[in-house]
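Open the model in your viewer and keep the selection tool at hand.

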Amino acid sequence: MTHDPFIPTPHRIVEKRQETLDTVTLVVEPETPFVFAPGQFNMLYALGRGEVPISISGDPGEPSRLVHTLRAVGLVTDALAALEVGASLVVRGPFGSSWPVEEAKGHDVLIVAGGIGLAPLRSTILHILRHREDYGRLAILYGARTDHDLCFADDLHEWGGRFDVEVRVTVDRGSPAWRGRQGVVTAVIDKTDFDPARTVAMVCGPEVMMRHTARALRAAGMKDEQVYLTLERNMKCGIGQCGHCQLGGELICRDGPVYPYPRVAPLMRIREL
Amino acid sequence: MTDLQRMLAAHPFAASLTDDDVARLAELACVETFVPNQVIYREDEPAREFLLLQSGRVAVEMHAPPGVVLLESLDAGATVGWSTFFPPYTWGCDIRAIEATEALAIDGVRLRPLLEQAPDFGLRVMRALLATVHQRLERSRLHRMDLYQR
Ligand SMILES: Cc1cc2nc3c(=O)[nH]c(=O)nc-3n(C[C@H](O)[C@H](O)[C@H](O)COP(=O)(O)OP(=O)(O)OC[C@H]3O[C@@H](n4cnc5c(N)ncnc54)[C@H](O)[C@@H]3O)c2cc1C
Ligand code: FES
């Protein structure tokens, strides 16, 4: 059974993980399985403050657990991040387009994420790992501000320990204890083992990072058509009715948030939008 | 091809160099290894060679009392040591091995006059150098933007 995306439904928080100083993962267990595709998002409601779009960061193959990871940056996300186990999380969704996990079958997959951008891609990674034999090489490139800002550190360790996944983590500024890479995430692309002709890249992070990643992928021999990314704009209804998330001719809540790069590249170049 | 030539040819720095160019550079190259934490170059010391990293990782650092600021880390495939090419031919920052690192060290003092004597060769080497400088400049601009706070 799928959930009615028009009806906000409260769920009890059963688990809370502090990913970083300002980022938490909240887990709820819906009474009926919550079916979603990797890359889709829900509208999460904070009492008296409003509703915000948050991607589903859990495993699509485990619909009994609904997982969101959010960074506290303002009015609503601050309130949501302060919720504790036992509190109620009001969810409406799922909405939007998904990462091209079907199209990517038989291909190498390159995941490039920056900061909280790993959250919507985590569901895709978990999906690919669950169906590992359907895909070629899998590389995960992840950049964060500092080593203390790395989300999903346990997952990164686990994925990095597998023989069939290449994980490359880099930070802008490492603490004195950090012995990993320091530099922007685009710098690790040319160190990664992938065949540009048979790779699908999925990219999520701040827009500047995504534009430059697309550029670095082009320099590595990939075509823009092989690159997918997500766009973020403020949202209200989440169902293509209010026009709040409009960008050019796109309603991001309905047509996105995941897009093939060539479809949105011209929009991303317009300064006023 | 000698082993040195093969190692050199496989490095991204040599991507647009000819076989003859590689052979010329190999004449000036030797393999160097560094242990973790070893300071490879220190700011203001003479810059006599540059490195084509083969494996491991190095840190580009600046001494800024009371500590040291790590500016960037570089992995296999990187070119380290542009100061070899430009006056005053001294290092602009410190280079330290983070992990056990192997590199091809190319003698810049002997290379410099060769670049002048054989302008075609010189142009190709300078292009290769400019490609790495261009890439690193782009990255350092992105780095300055504090991307992930946006
Ligand atoms: C499809 C979609 C999926 C998303 N998925 C996630 C997710 O999985 N996890 C997550 O943490 N966020 C996600 N976001 C972003 C999230 O929706 C916003 O951070 C949220 O709407 C901010 O609302 P607020 O009321 O907390 O902040 P506001 O009070 O509206 O804003 C406060 C301040 O924060 C700034 N701000 C707003 N958004 C951001 C941002 N994204 N990053 C940095 N600063 C910002 C504003 O400019 C303002 O200065 C997603 C957004 C979209 C469109
Ligand atoms: S949020 Fe209303 S149309 Fe997209």
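Select A:Asp108 first. At 1% relative accessibility, A:Asp108 counts as buried (under 20% relative accessible area; exposed is over 50%, partly exposed in between; 1.4 Å probe, protein chains only). This is a predicted model, in which local features need pLDDT of at least 70 and side-chain atom pairs count only at pLDDT 80 or more, while totals for chains, interfaces and linings use all residues. Residues are numbered from 1 along each chain as its sequence is written, chains are lettered from A and ligands numbered from 1 in the order in which they are written, and side-chain values use heavy atoms, with hydrogens and water left out.

A:Asp108 and A:Arg198 form a salt bridge, with the closest N and O atoms 3.0 Å apart. The term means a side-chain nitrogen of Lys or Arg within 4 Å of a carboxyl oxygen of Asp or Glu. The pair links distant parts of the chain, 90 residues apart: A:Asp108 sits in strand S7 (residues 108–114) of chain A, A:Arg198 in the loop between strands S10 (181–182) and S11 (199–204). Strands (E, at least two residues) and helices (H or I, at least four) are DSSP runs, numbered from the N terminus.

Next, pick A:Glu166 and A:Arg168. They form a salt bridge with closest N and O atoms 2.7 Å apart. A:Arg168 is buried at 15% relative accessibility.

Go to B:Asp75 and A:Arg181. Their side chains meet in a salt bridge, 2.7 Å from N to O. B:Asp75 lies in strand S5 (residues 67–75) of chain B and A:Arg181 in strand S10 of chain A, so this pair joins two chains. Both residues are buried.

For a network of salt bridges, select A:Glu15, A:Arg17, A:Glu19, A:Glu29, A:Glu62 and A:Arg65. Over all chains, the whole structure has 33 salt bridges.

How many helices and strands does chain B have? There are 4 helices and 8 strands. From the N terminus, the order is α-α-β-β-β-β-β-β-β-β-α-α. Its C-alpha trace spans about 45 × 35 × 30 Å along the principal axes. Colour by burial: 45% of the 150 residues of chain B count as buried. Then show contacts (heavy atoms within 4.5 Å). In chain B, residues 24 or more positions apart account for 74% of the contacts with a separation of 6 or more.
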